[in-house]
Amino acid sequence: MVEIAGLDRMLLEHPFFAGMAPEQAAFVAGCGRNVVVEAGAWLFREGEAADQFYLLRHGRVTLELRAPGREPLIFDTLGEGDIVGWSWLLPPFCWSMDARAQTLVRVVALDAHCLRDKLDSDPALGYALLRRFVPVMGRRLQAARLQLADLYARPQGGRG
Amino acid sequence: MNATPGGADPALWLPEPWRIERVRRELSDTFTLELQPTAGGAPLRFLPGQFNMLYAFGLGEVPISISGDPEADGPLVHTIRAVGPVTEAMRRLVPGDVLGVRGPFGSCWPVSGAEAEGCDLVIVAGGVGLAPLRPAILHVLRHRQRFGQVCIFYGARTPADILYRHELRRWRGQFDLLVDVTVDRATQDWAGRVGVVPRLVEGGGYDPQHTLALVCGPEIMMRHTARALLARGVRRERIHVSMERNMKCAVGLCGHCQFGPHFVCRDGPVFRFDVIEALMTVDGL
């Protein structure tokens, strides 16, 4: 017999939601659906409305920036267990980068309008979710700083 | 280490002439020299992590880690990044040219002692920091059965800056190694990971309680990697880093490479992280 896992269980098995109260997970799961994205397809593009929040279950996603006259620059990749996007959380609810499936990707896509309504109506849930977001944002900010430092660049004024 | 206390052995001060047998261009600014002693004789015995002082005649001497196989009878191997006048001059050398060699000097990666026996090994390299770790990796591969999980995590600036690309690919094809590579930025032709190397450490693949970690790369990268290892539960005294300072005499006399109470040439370049952690954030040290 094939057992079909409910979305609430999928959420609880995802590292981002691990440890959340089951009733909260079930409440959030009401905004979700399973989505498969083919390799090479966009999850979202810069400037589009940020109306989804993705939990990566399988595959790898690239985060990219576009600039005229240059190839798109990949500055991060996200994999199984990661989340994609927080622009849906705060105004102007607009993506600030591109996200593309580097491989076939399976995600749980949570509808941002639905989720925002639930977070507004349930501050405890909102707090629980933000406590999960802040460490992720902190880690990514730290990584961005290290990338900005250009650690492997040739040292200036080398003496050796 | 063959340095006697106070560097009293005159042989330690005299560069021996070694002839370049082969030059390999690795990256735009990085190259590998394979050397043989002009006088013939036995290969230079060294431990993984140790360095030699290489002398470009008339220009100067620089400390360069040994990157060859410590148990092979082949040539002496040095991978060098051209960062200044001496290494720039070395980049222009061709087979048949001669360099002066003093060494080997310094401490080593603890891969051959009891400390490593049966442990998981996490080897983390950034940029040209893979070169000083290569002898340790080759040692581990020769004695693979002595270790548990072996993870090699490597970070480079871009895909074009990946050192020892073919060797990494070969290691990645082994069933008993976990090899993961990331770059700081890439374009569409790169199908691998993008992001900083400490994030690879966060991904696991090893038992933190029974892990020995070897880390080599830019100092900021080593600090952040060590923090990621600590966050995973690896013990401070089980993390080893390789420091780089302005080494001149290589025998702990001149003080150019003084790092707090340590001389990097004599007490390092490989240090236990808990021994030097506090010094790594001291301004100007």
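# Exercises on chain contacts, domains and ring pairs

Across the interface of chain B and chain A, five salt bridges are found, a salt bridge being a side-chain nitrogen of Lys or Arg within 4 Å of a carboxyl oxygen of Asp or Glu. The structure is a predicted model, in which local features need pLDDT of at least 70 and side-chain atom pairs count only at pLDDT 80 or more, while totals for chains, interfaces and linings use all residues. Residues are numbered from 1 along each chain as its sequence is written, chains are lettered from A and ligands numbered from 1 in the order in which they are written, and side-chain values use heavy atoms, with hydrogens and water left out.

## Exercise 1: the interface of the two chains

**Task.** Determine how many residues of chain B and of chain A take part in the contact, and what area is buried between the two chains.

**Solution.** 
1. Chain B contributes 37 residues to the contact and chain A contributes 27, where contact means heavy atoms within 4.5 Å.
2. About 2800 Å² is buried between chain B and chain A, with carbon and sulfur atoms giving 51% of that area; buried area here is the accessible area (1.4 Å probe) that two parts lose on being put together, summed over both.
3. On the chain B side, B:Val83, B:Gln188 and B:Arg199 lose the most area to chain A, and together they make up 21% of what that side buries.

## Exercise 2: a salt bridge between chains

**Task.** Locate the salt bridge of A:Arg154 and B:Glu88, and decide how accessible each partner is.

**Solution.** 
1. The side chains of A:Arg154 and B:Glu88 meet at 2.5 Å, N to O.
2. This pair crosses between chains, running from A:Arg154 in the segment after H4 of chain A to B:Glu88 in helix H1 of chain B; helices (H or I, at least four residues) and strands (E, at least two) are DSSP runs, numbered from the N terminus.
3. A:Arg154 has 33% relative accessibility and therefore counts as partly exposed, whereas B:Glu88, with a relative accessible area of 17%, is buried. The classes are buried under 20% relative accessible area, exposed over 50%, and partly exposed in between (1.4 Å probe, protein chains only).
4. Helix H1 of chain B (residues 85-91) also holds B:Thr87, which is buried at a relative accessible area of 2%. Leaving aside neighbours within four places in sequence, the contacts of B:Thr87 include A:Gly160, B:Phe31 and B:Val62.

## Exercise 3: the two domains of chain B

**Task.** Describe how domain 1 and domain 2 of chain B meet, using their contacts and their salt bridge count.

**Solution.** 
1. Chain B is divided into domain 1 (5-105) and domain 2 (120-281), with bounds that come from an automatic or database domain assignment.
2. The C-alpha centres of the two domains of chain B lie 22 Å apart, and 27 residues of domain 1 are in contact with 24 residues of domain 2.
3. The area buried between these domains is about 2000 Å², of which carbon and sulfur atoms give 64%. In domain 1, B:Leu27, B:Phe51 and B:Glu71 lose the most area to domain 2, together 24% of what that side buries.
4. The count between the domains is one salt bridge.
5. B:Arg142 and B:Asp69 meet in a salt bridge of 3.0 Å, N to O. B:Arg142 lies in helix H2 (residues 130-142) and B:Asp69 in the loop between strand S4 (60-65) and strand S5 (76-81) of chain B, so the pair ties together parts that are 73 residues apart in sequence.

## Exercise 4: aromatic pairs

**Task.** How many aromatic pairs does a search of the whole structure find, and which parts of chain A does the pair of A:Phe53 and A:Phe133 tie together?

**Solution.** 
1. The search finds ten aromatic pairs over all chains. Rings of Phe, Tyr and Trp (its six-membered ring) pair if their centres lie within 6.5 Å, and planes under 30 degrees apart count as stacked, over 60 as edge-to-face and the rest as tilted.
2. A:Phe53 and A:Phe133 form a tilted pair, at 5.3 Å centre to centre and 40° between the planes. Since A:Phe53 lies in strand S3 (residues 52-58) and A:Phe133 in helix H4 (residues 123-148) of chain A, the pair ties together parts that are 80 residues apart in sequence.
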